[in-house]
Every structure is written in structure tokens, then in C-alpha cells.
Amino acid sequence: MRNRDLAFWLFLTPVLAALIIVVIIPLLFGFYYSFTNWNGLGRLDFIGLENYVNLFNDNAFLSAFWFTVKFSIASIVLINIIGLGLALLVTSKLKSSNFLRTVFFMPNLIGGLILGFIWQFIFIKVFGSIGDLLGIESLNGWLSTTDTGFWGLVILTAWQMAGYIMIIYIAYLQAVPGDLLEAAEIDGANAFQRFRHITFPLVAPAFTVSLFLTLSHSFKIYDQNLSLTGGAPYNSTEMVAMNIIRSAFTDNEMAYAQSKAVIFFVIVAIISLLQVYFNKKREVEL
Amino acid sequence: MERKKWQLRILGLIGILLALLWLSPFYLMIVNAFKSKRDIFADTLGLPQEFTSDNFIQAFEQLDFLRTLLNSLVISGLSVGIIIVFSAMAAYALSRNKSKLSSVIFFIFVAAMLIPFQSVMIPLISQFGQFGMLNRAGLIIMYLGFGCSLSIFLYHGTLKGIPQSLDEAAKIDGANRFQVFWYIIFPLLKPMSITVGILNVIWIWNDYLLPSLVLGEAGTETIPLKLFYFFGQYTKQWHLALAGLTLSIIPVIVAYFFAQKQIIKGISDGAVK
């Protein structure tokens, strides 16, 4: 197939047209809108960097941003520890390992919106009644404070994502040669030593993959945020994605919301590029 | 040897306990969906005093469940179908064309994966609105645009392993480009098509944000969208809310039950690439 061939272009047209209409044109217009005072209707004027300047004085946006950063760090650590733990468990020759895999992965099939609603019930009603039962006052009202709302979001995300990250770790764990582990065992290495000196170095690349995967995922979270806390109390558990959507479609500040979206794009792009870079570097080493 | 057996038994026990912990949110959702409002208040953790199906009947009607389910099936089915066919076609063209232009086009598709939805969302919705495309057809085009990048990337990897001599042999037998693709190449891509299908269906089936911005017309709602309205209506009435949640999860659990091997394989193929 050469560039001149009609077939080449016919094969590409449907996806190329969709990509241009859905991603490329909106992206270019988005950059342009972020320098205007567009409100979705009527005329728009070019106002230069005003939106971007306002953004750095916007406490709601800055606190949503900071909340997202803290949330991402806590979830990444938790998801990776649990994910690796689950992967080690289900690859350890248990009879139940297929069943366990199926169970741990299950939350990933269900949408974030639904999962958030289920956990809303758990944090409000179930935690409340366990608190009453055991006389632990602090289990009441889990989603009504900023701190416990934060941990609510982290717990939900860890429960959902750990099974996904587990799958990635399993793929790398299965590539660890079994005879190497056996030889080490015969030489007298205990389980911890075998993990530390053989398994761990060989699954290290999985860390880079899942670290950045969880990072870009937790940065973009919206559905879970909306259905679990809805940003309450007083927007203090609002993350960046939700802040952008609210200012665009509730407050109708289209151009201003778009300038936040541009900043968001730059950050997510940097994270993703770093991921590609580190993965490539690993490949060279191996 | 004896010691090793014990270690495995303990690990097995830990596994079962963790599995129960993992499943507990689903348990709590289901048992409470069968309780009356008063029962949930009295005892949240235990089994219902008496099982009531009233919650489900009311949730079924309020969610207009059959229609909502059909909407979700139609939108996910059509979107994933066209993503599979069109992405495979594009990946085929790109992998069989060794020019600079085709590497640039491939790079653009891959680079588009880096773009978060929120950064194109506002102009996208505004432009589709101006052309009167905020409807199901518009939604399916959007899913093609957002879903094709990863799909092309995955197909491209597989196509590199399919020898070009196969195309040439079919061509000598008198097949044109479309026939070569449709009768020779596309069937060979079947394992990858299953992976691509699974990855896209999970995302599209569960998507809430895009339908919430695009589907304005009553009666066209997908499950997540309808559930959002339903939940808002019954915020303080957990017995109904939970019955609605349980209903909407059933199709996914049924699908998982029948295709768990392919689903987990699809995810791991897609995730590690």
C-alpha cells in the first residue's frame, strides 16, 4: 500500500476523521478559548493571559489541585503495596488462585460511579452501625469531614485499582524463572531472601509501569469523586477534574475552565511522557 | 516438606479472608437491597428478617430498566463494533505502508492517548452542540475518536507479526485490498479483536461523564446516567437506591461469570503492552 493508493486513505479515513473531529480540533480550539472570555454563548474577546493569572489566585482551584496531589500520592502507595501483595499471593501455587484472581479483579469491571455509590452506603450506614455496635464514635459521619472523606476516596480507589495493578505484577512475576528460585532454595535462601534478591529485581520494571499508570489514573479521577463525596463538605474533597467540570457546566465559565483544562493537560502529558521515557530506559538496560 | 504444606495452608486461609473482605461491599449492597427501610436502620450487617422484592420492582420501574439496558447495549455494541473494524483497517494500512507519512500518522494516534478527556471536553461539547450532534450518533463518533488510539496501537503490534507474503499471495489470486483485509487479515486478528473489544467495552459500558454531557433526550439514557438520576431521587432511601445499584451491576457480573478467562487475559495483554 503506497501513499498514492486510494485504498490506503480509504482504510484510514474513518478513524482519522473521528480523531480530527473529536480530539484534534477541540484541542486547538481549547488552547484558543483559554485566552478569551468566552462563556459558551455569544461573542468572545481575546484577553491574553488573564485566565491563567486568575487561576493562580483561585483558592478553590488550588485546593482542588493540592487535594488531588495528596490523594494521588496516598493511593499510589497503597495500590502498589496491595497490588504486589495480591500478585505474590495468587502466584504462590494455591489451589484457589484462579478464584482469588477473579475476585480481586472484579471491582474494575464496574463503573466508578456505581462503586462510589456502594461505598457511600458503606461509609455512611455500615460504618455508622459498626461504630454504634463497638462504641467507636469516630466511625460516624465518615463522609462529612474533609479528612475522612479523603481516606474514603483513597480506600475506594485502592479497593478498585489493586486488582488491576495485580494483573500487571502477575505478568512480570510469571516471567521470573522458576529454576532460579529453586536453585536459590537449595542453596539455603529463605523466602524473604529469594524475594529480595531474585524476584524483586526482576519485577522492578513493573513498578515503573504501574507507578505511572496509577499516577495518571488517580490524577484524572472524576466519577468516584462525584458519587462518593460530590466534593462535600463545602467542595473540600473536590478534585481537579471535578473542579473543571463544575466551573464549565455549572458556573458557565467556559474559557476560564478551559484554562484550567490546559494546565491539567500539560501535567498529565508530562506524567505520561515520563512514563514512556522510563519504560524505554528500562528496556535498554534489560 | 511438612512445613511447606503448612505455609501454603496459611496462605490459602489469608487468601480466602482477603477475598471475603474484597467481596464484602457487594454482600452489604445485596443483603440490604432485600431489606425494608426500617430493617436497614435496625440491622445493617445481618441477613434480612424477611426478604422483600418490592425494592427491586420499584427500582426496575423507576430505572425503566429494560429500555436503559437496551440503550447501554446498543451504544456499547455499536461503538465497540466500529472501533474494532475501523481500527483494524487503519492499523493494517499503517503497518503495510512503510512511508514517513504513515509513521507520522501512527505517531499522532499514539500521542492522542496522552490527552486527558477534560482538556478537549469543553470545545468538543460546544461544537457538537452547534451541529445538533448531541445525541447517540454523536456519542458513538466520540467513542470512536477516543477509543481508536489504543486499539490501533494494539493491532499494529500484532500486524507486524503477520507476514506480508500472505497479502501478496491473496492478491495474486485476484483479491483486492478490501478482500485481502476482510477475508485474510481480519480473521487472523481475532484474538487481538477480543482484547480490543474487552478493553473498550469495559470503559464505554461504565462511562458516565460523556453520556451525561451528550445524551439530553429522555429515554436515551445509559445505565450509569439513569442510575445517577435515580440515586439523586432516593438519596435518603437506601433500600431503593441499593436495589437499583444491584440491578445495574447484574449484567456485568453475568458477563464476567461467562468470560472471566478472556477478560483477565485481555486486560493483561492490554496493560503490559
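Across the interface of chain A and chain B, the rule finds zero salt bridges, in what is a predicted model. The contact itself draws 84 residues from chain A and 84 residues from chain B, and the area buried between chain A and chain B comes to about 7,600 Å², with carbon and sulfur atoms giving 82% of it. On the side of chain A, Met1(A), Phe11(A) and Leu109(A) supply 10% of the area that chain A buries against chain B, which is more than any other three residues supply.

Two packed helices are described by the angle between their axes and the distance between the axes. The table sets out two such pairs.

| Helix pair | Angle | Axes |
|---|---|---|
| H4(A), residues 97-105, and H6(A), residues 146-173 | about 135° | 8 Å apart |
| H5(A), residues 112-134, and H1(B), residues 2-33 | roughly 80° | within 10 Å |

With this angle of roughly 80°, H5(A) and H1(B) are therefore roughly perpendicular to each other. Their contact is made by Ile118(A), Trp119(A), Phe121(A), Ile122(A) and Val126(A) of H5(A), together with Pro25(B), Phe26(B), Leu28(B), Met29(B) and Asn32(B) of H1(B). By class, these residues divide into nine nonpolar, one polar and no charged.

Within chain A, H4(A) and H6(A) pack at an angle of about 135°, and that makes H4(A) oblique to H6(A). H4(A) passes H6(A) in a left-handed crossing, where Arg101(A), Phe104(A) and Phe105(A) of H4(A) meet Gly163(A), Tyr164(A), Met166(A), Ile167(A) and Ile170(A) of H6(A). The contact of H4(A) with H6(A) has six nonpolar, one polar and one charged residues.

Conventions
Residues are numbered from 1 along each chain as its sequence is written. Chains are lettered from A and ligands numbered from 1 in the order in which they are written. This is a predicted model: local features need pLDDT of at least 70, side-chain atom pairs count only at pLDDT 80 or more; totals for chains, interfaces and linings use all residues. Side-chain values use heavy atoms; hydrogens and water are left out. Axes are lines fitted to C-alpha atoms, for helices over the stretch in contact, and angles run from 0 to 180 degrees between N-to-C directions. Helices (H or I, at least four residues) and strands (E, at least two) are DSSP runs, numbered from the N terminus. Angles under 35 degrees count as roughly parallel, over 145 as roughly antiparallel, 65 to 115 as roughly perpendicular and the rest as oblique. A crossing is left-handed if the near helix is turned anticlockwise from the far one by less than a right angle, and right-handed if clockwise. Contact means heavy atoms within 4.5 Å. Ala, Val, Leu, Ile, Met, Phe, Trp, Tyr, Cys and Pro count as nonpolar, Asp, Glu, Lys and Arg as charged, and the others, Gly among them, as polar. Buried area is the accessible area (1.4 Å probe) that two parts lose on being put together, summed over both. A salt bridge is a side-chain nitrogen of Lys or Arg within 4 Å of a carboxyl oxygen of Asp or Glu.
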